[in-house]
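I opened this notebook to record what I looked up in one structure. The entries follow the order in which I consulted the model.

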Amino acid sequence: MPVVRALVASLLCALAVSVAAQERRYSLLEREIEYLMEIWPGDYDNREQLQFDANVGRRSLDEGAHLRVHSQVRRVDLPAFGEYVLYVEEYRDNDPGKIFRQRLYEFLADEEEKAIRVRLHVFRDGQRWLGAHDDPDVLNGLTRDDT
């Protein structure tokens, strides 16, 4: 009899979890944002863009050539900014010390407009939050007032 009770208890727990999961249904837009949160984080550079510039003879910014850029994108847990947030830190000239852009990207599902909205947050004191792509704890204490 104890085995039957354990089995019944397990089934009831599974049913309760299933019901709770159904209560929080994600919209199509939220699922798309969640997918974006899975595939976007990573390290990127624009090597191919620079190769194209060289192939078409662009050798300077005046000729439309691009700077060498590296982007480091990480998903971060910042409830004050929403459920879907990316931290982006970018540097140039193959030098991680030459940070030229730092942002938080906050993604929102706009069901009324059937659109994904992105809010860009620019840091008031970027130096304070540098390196969050390697150590997300750097962002502890960050508030909207800091952007």
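**Entry 1: an aromatic pair**

I began with Tyr87 and Phe123, and I found both of them buried, a word I use for residues under 20% relative accessible area, with exposed meaning over 50% and partly exposed in between (1.4 Å probe, protein chains only). I note that this is a predicted model, in which local features need pLDDT of at least 70 and side-chain atom pairs count only at pLDDT 80 or more, while totals for chains, interfaces and linings use all residues. Residues are numbered from 1 along each chain as its sequence is written, and side-chain values use heavy atoms, with hydrogens and water left out.

I then asked how many aromatic pairs the structure holds. I found 4, where rings of Phe, Tyr and Trp (its six-membered ring) pair if their centres lie within 6.5 Å; planes under 30 degrees apart count as stacked, over 60 as edge-to-face and the rest as tilted. The rings of Tyr87 and Phe123 have centres 6.1 Å apart and planes at 65 degrees, so I recorded this pair as edge-to-face. This pair links distant parts of the chain, 36 residues apart: Tyr87 lies in strand β3 (residues 84-92) and Phe123 in the loop between β5 (115-122) and α4. I also recorded one aromatic cluster, formed by Trp40, Tyr105 and Phe107.

**Entry 2: the chain as a whole**

I looked up the secondary structure and found 4 helices and 5 strands in the protein chain. Helices (H or I, at least four residues) and strands (E, at least two) are DSSP runs, numbered from the N terminus. Along the sequence, I read the pattern α-α-β-α-β-β-β-β-α. The protein chain has 147 residues, of which 29% count as buried. I looked up contacts (heavy atoms within 4.5 Å). Among those between residues at least 6 apart in sequence, 43% join residues at least 24 apart.

**Entry 3: the sheet**

In what order do the strands of the open sheet stand? I recorded β1-β2-β3-β4-β5, 5 strands with antiparallel pairing; two strands pair if DSSP finds at least two bridges between them. I noted β1 (42-45) and β5 at the edges, each with a single partner strand, so one side of each is left without a neighbour in the sheet. Neighbouring strands of this sheet are turned by 25 degrees against each other on average, direction ignored.

I followed two of the pairings. Strand β2 (residues 69-75) and β3 pair in the antiparallel sense over 7 bridges, and Gln72 stands opposite Glu89 in β3. β4 and β5 pair in the antiparallel sense over 8 bridges, and Arg103 stands opposite Val122 in β5.

I then turned to helix α2 (residues 28-39), which lies across β1, β2, β3, β4 (99-110) and β5 and runs at about 155 degrees to β4. Axes are lines fitted to C-alpha atoms, for helices over the stretch in contact, and angles run from 0 to 180 degrees between N-to-C directions.

**Entry 4: two positive phi values**

I found that β4 and β5 form a hairpin with 4 residues between them, and that Lys114 in the turn has a positive phi of about 55 degrees. Lys114 counts as exposed, at 69% relative accessibility. Asp93 also has a positive phi, of about 60 degrees, although it is not a glycine. I placed Asp93 in the loop between β3 and β4; at 32% relative accessibility, Asp93 counts as partly exposed.

**Entry 5: the nonpolar cores**

Which residues make up the largest nonpolar core? I listed 11: Val76, Leu78, Phe81, Val85, Tyr87, Leu104, Phe123, Trp129, Ala132, Leu139 and Leu142. Such a core is a set of buried Ala, Val, Leu, Ile, Met, Phe, Trp, Tyr and Cys residues joined through side-chain atoms within 4.5 Å. Apart from this core lies another, of 8 residues, among them Ile33, Met37, Val73 and Tyr84.

**Entry 6: His133**

Is His133 buried or exposed? I recorded it as buried, at 9% relative accessibility. His133 is found in the segment after α4 (126-129). Not counting residues up to four places away in sequence, His133 touches Gln72, Arg74, Tyr87 and Glu89. I looked up its polar contacts, meaning pairs of N or O atoms within 3.5 Å; within protein, one must be able to donate a hydrogen and the other to accept it, and residues adjacent in sequence count only if both atoms are side-chain atoms. The side chain of His133 makes one with that of Glu89 at 3.4 Å and one with that of Asp134 at 3.2 Å.
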